[in-house]
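Try each task before reading its solution.

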Amino acid sequence: MFSALTTINEYNPIKALFLKEFWDNRRAILVTPMVITGLFIFFGLIAMVTGNGMMIDGASLNDHISNAQDLGGEQSYIMTGVLMFSPMILIISIGFSMVFTALSVLYDERKNKSILFWKSMPVSDTQEVLVKLATVIVVTPLVAIPFAFIIQIFTALTMGTMVAINTDFSAWDVVFSNIDYLAIIANDFIPIFVFILWTLPIIAWFMFVSSFSRRSPFLLAFIVPALIVAAEAIFFNSSILIRAIASRFSYLGRYSDRYEIEDGNILEGIFSLLGSFGEPSFWYGVVIAGLMIVGCIQLRKRNSIT
Amino acid sequence: MTNYISAKNLSKSFGKFDALRGVDISIKKGQIVGLIGSNGAGKTTLINAILGLSSYEGELDVLGLDPQSQRDQLMKEVCFISDVATLPSWIKVNEAVQYVEGVHPNFNRSRAISFLNQTSIPMDKKVGKLSKGMVVQLHLALIMAIDAKILVLDEPTLGLDILYRKKFYDQLLEDYFDEERTIVITTHQVDEVENILTDVIFIRDGEIMYDASMEETLATWKTLEPNPDRIDEARALGPYREISSLGRTSFIFKGSDKATLQEFGEVRRLSLSDLFVTLMTGE
């Protein structure tokens, strides 16, 4: 199945463009989540062997697990919650991968002059830029999410094993029967993509910078907004840009009320995030991102070489 | 003959610098055209306009398409290799083959593979690991496997050693060129393309200085190396230019009859590089 996805044997421009981006950004898209998952499992195994006596909040891990048996209804939230947050490092790394990929997709090809090769082929700049955008916001998270599942399965198995070995309880009763599997699957997709769509103008800004920057798009991408924020504060005593940037994240606060693990249905909380799409400021962001992507396409059409 | 490329009053400026000034050219089916000029003469600017890589003023028609707005359509019928190594170093040889197969409707994979099999290029290596000559061979193998009408080569052999250069043009003629295709080559290595061109265009400071077929060029321009005792008589015929080097004098004639000149000494064909120098130093 994978080899059919990753090889080209016929005329299929969109697939070829996606594969080209994947080959180019293999490290950010595939190697990074693979390495992080490997390290997580490696250190998890070490902790399992050596960590039985580990003290957390004045009690050993085994005590915590034993106590969990008495928590009744809360137990499910705790187990599910632990699993939901276990791939946190991986999910943060997806964010970094996306930022670095966005900053390089339209810059590297100009720097290494391969843009002249890409442009010698019958694909339009619009197709190229849109595939690059989709690579950043869809392919990168979609490739990493299965690794989040692997981490979660590993974590569940670890917890189950520790219960089975160290306590008299059954691993099924304490761990596996208490996991809200649907909530975990939903949690690995919905918050990530809601977050990506909210931060779309920021991602599009990174791509826009990479489409014109002559050197170090990374610096430019951060210095320009920092200067604008400073200039606003000094000369106009205003803070429009910093508020606009913060608004991309503030929905998280507003919707997290309904996204609490302790009470209420976890799944419902996750789906309530989709309600944030009803806010006008979400759509302003989409429009701004769209304009910047149009800018990327126009610039790629015009500047073939740095 | 069918016109493949025609430009009328084509201009392009970068700020105050005029890279192209009202260029008129027409390139037809079946020609191998050498576009020759010094560095900064406007060769690459002209090529970029034809390929839809840059904006321009004036009229430009390539295979009935407007290069600027229809580059993606145009590239189905036009291939180019530019003066710099443009294959990215991260791509593997077999990935490059797959990519071109995926995006180009006129690409013939088995043809590309058979070209590659004639070389020592390993399929699973990254381009960054190949020698410069191999990268050019790979690029050429990919391009020659595309059934296109126009092939544009912008300083294709820059930085290659002499053996590769010779092989490059030999292969191009033997395995690629036919009367349905047109090749445009820009170079300032005039000598190595001289024998394969059907037409030649000289460009200087963004203007076309000379545009003629090789046949016409050879018929019009001649070098006379007069016998020492007849130098003055030969000079009286009004040569286009006189060259003295290492104590020998030779004359370049434009339009004179070969038989007339032969009375005064040995008549040879004028090499393109001498013609280039003659016209560009201009007086």
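The exercises below concern a predicted model.

**Exercise 1.** Classify Ile228(A): buried, partly exposed or exposed?

Solution. 
- Locate the residue. Ile228(A) sits in helix α13 of chain A, residues 217-236.
- Take the neighbour count. For Ile228(A), 13 other C-beta atoms lie within 10 Å.
- Apply the cut-offs. Buried needs 20 or more, and exposed needs 12 or fewer.
- Conclude. Ile228(A) is partly exposed because its count is 13.

**Exercise 2.** State how far apart Ile228(A) and Ile240(A) are, in sequence and in space.

Solution. 
- In sequence, Ile228(A) and Ile240(A) are separated by 12 residues.
- In space, their C-alpha atoms are 9.6 Å apart.

**Exercise 3.** Describe the hairpin of β8(B) and β9(B).

Solution. 
- Set the limits. β8 of chain B covers residues 199-204, and β9 of chain B covers residues 207-213.
- Get the pairing. The two strands run antiparallel, with 6 bridges.
- Pick out a pair. Ile203(B) has Ile208(B) in β9(B) as its bridge partner.
- Inspect the turn. 2 residues lie between β8(B) and β9(B), and Asp205(B) in the turn has a positive phi of about 45°.

**Exercise 4.** Which strands stand at the edges of the open sheet of 4 strands in chain B, and why?

Solution. 
- Write the order: β11-β12-β10-β13 in chain B, paired antiparallel.
- Read the ends. β11 (241-245) and β13 (265-269) of chain B are at the edges, because each has a single partner strand.
- Neighbouring strands are turned by 25° against each other on average, direction ignored.
- Check one pairing. β10(B), residues 221-226, joins β13(B) through 5 bridges. Thr223(B) has Arg268(B) as its bridge partner there.

Definitions and conventions. Residues numbered from 1 in each chain as written. Chains lettered and ligands numbered in written order. Predicted model: local features only at pLDDT ≥ 70, side-chain atom pairs only at ≥ 80, totals over all residues. Pairing = 2+ DSSP bridges. Axes fitted to C-alpha atoms, helices over the stretch in contact; angles between N-to-C directions.
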